[in-house]
Amino acid sequence: RHRNARIVVAAMDLFEASVCVPDKDKVRGAGTAAIADFVGYKQENVIPVAAFYDSQFAVSVNTLAELASHKNRRVRLRCCKMLSYLLVYLPDRYDHQQRLLPYLVSFMNDIDKTIEREALECMEKCGLQYEREHPDEIIERRQLGVDG
């Protein structure tokens, strides 16, 4: 929520670097638990005990939505690149796709054409990666269920 775009971009650099630190034992990013907080996710019917005593703990802020709709194009471009990196290179990316993909799709309709291109390139990378990881399913779909 800082007004200076350079500081916001530097904060996104730090967030991306900290989330993507590999955790080899669990085959995931060591900081991926922060993604749920980043998008303001709360489990249904779960209220933190602190919310009963202080109202600031009852409200969650969707920081990613604020960054995706930021007025500065450099911040939006960096946010798009960060999402691209998380969706392509994060070891447990499939656990977070449903939270991150809607923001990438919103970048496909951005005013700035470079941000649109970056979002489309990320979608292409995700698609190619899915094809490499699930070749049997892709062959079945391309052949329309016909063996042979």
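Angles under 35 degrees count as roughly parallel, over 145 as roughly antiparallel, 65 to 115 as roughly perpendicular, and the rest as oblique. Angles run from 0 to 180 degrees between N-to-C directions, and axes are lines fitted to C-alpha atoms, for helices over the stretch in contact.

Now the ground rules. This is a predicted model, where local features need pLDDT of at least 70, side-chain atom pairs count only at pLDDT 80 or more, and totals for chains, interfaces and linings use all residues. Residues are numbered from 1 along each chain as its sequence is written, and side-chain values use heavy atoms, with hydrogens and water left out.

Overall picture. The protein has seven helices and two strands. Those are DSSP runs numbered from the N terminus: helices are H or I with at least four residues, strands are E with at least two. From the N terminus, the order is α-β-β-α-α-α-α-α-α.

Burial next. Buried means under 20% relative accessible area, exposed over 50%, and partly exposed in between, with a 1.4 Å probe and protein chains only. Of the 148 residues, 34% count as buried. The accessible surface comes to about 9900 Å², and 55% of that belongs to carbon and sulfur atoms. Those areas come from the Shrake-Rupley method with a 1.4 Å probe; for residues, only the protein chains shown count as cover.

Contacts, meaning heavy atoms within 4.5 Å. Take the contacts with a separation of 6 or more: residues 24 or more positions apart account for 57% of them.

First packing pair: H1 and H4. How do they lie to each other, roughly parallel or roughly antiparallel? Their axes cross at roughly 5° and come within 9 Å. H1 and H4 are therefore roughly parallel. On the H1 side, the contact residues include Val-8, Met-12, Asp-13 and Glu-16; on the H4 side, they include Arg-78, Met-82 and Tyr-85. By class, this contact has 11 nonpolar, no polar and six charged residues. For the classes, Ala, Val, Leu, Ile, Met, Phe, Trp, Tyr, Cys and Pro count as nonpolar, Asp, Glu, Lys and Arg as charged, and the others, Gly among them, as polar.

The axes are 8 Å apart, and the angle is about 135°. That makes H5 and H6 oblique to each other. Here Leu-101, Leu-104, Val-105 and Phe-107 of H5 meet Ile-115, Glu-116, Ala-119, Cys-122 and Met-123 of H6. Eight of the residues in this contact are nonpolar, none polar, one charged.

On to salt bridges. The criterion is a side-chain nitrogen of Lys or Arg within 4 Å of a carboxyl oxygen of Asp or Glu. The structure holds six.

Asp-13 pairs with Arg-78, with the closest N and O atoms 2.4 Å apart. This links distant parts of the chain: Asp-13 sits in H1 (residues 5-19), Arg-78 in H4 (residues 73-89), 65 residues apart. Asp-13 is partly exposed at 36%, while Arg-78 counts as buried at 15%. There is a network here too: salt bridges link Asp-13, Glu-16 and Arg-78.

Glu-133 pairs with Arg-93, again with closest N and O atoms 2.4 Å apart. What does this bridge tie together? Glu-133 is in H6 (residues 113-133) and Arg-93 is in the loop between H4 and H5 (97-107), so the bridge joins parts 40 residues apart in sequence. Glu-133 is partly exposed at 35%. Arg-93 is buried at 10%.

Now a local one. Lys-113 bridges to Glu-116, with the closest N and O atoms at 3.7 Å. The two are three residues apart in H6, so about one helical turn separates them. Glu-116 counts as buried at 18%.

Last, the two loop residues. Gly-31 lies in the loop between S2 (28-29) and H2 (33-38). At 17% relative accessibility, Gly-31 is buried. Setting aside neighbours within four places in sequence, Gly-31 contacts Ser-18 and Val-19.

His-96 is in the loop between H4 and H5. Buried or exposed? Buried, at 7%. Beyond neighbours within four places in sequence, His-96 contacts Thr-32, Ile-35 and Leu-90.

That's the tour. Over to you.
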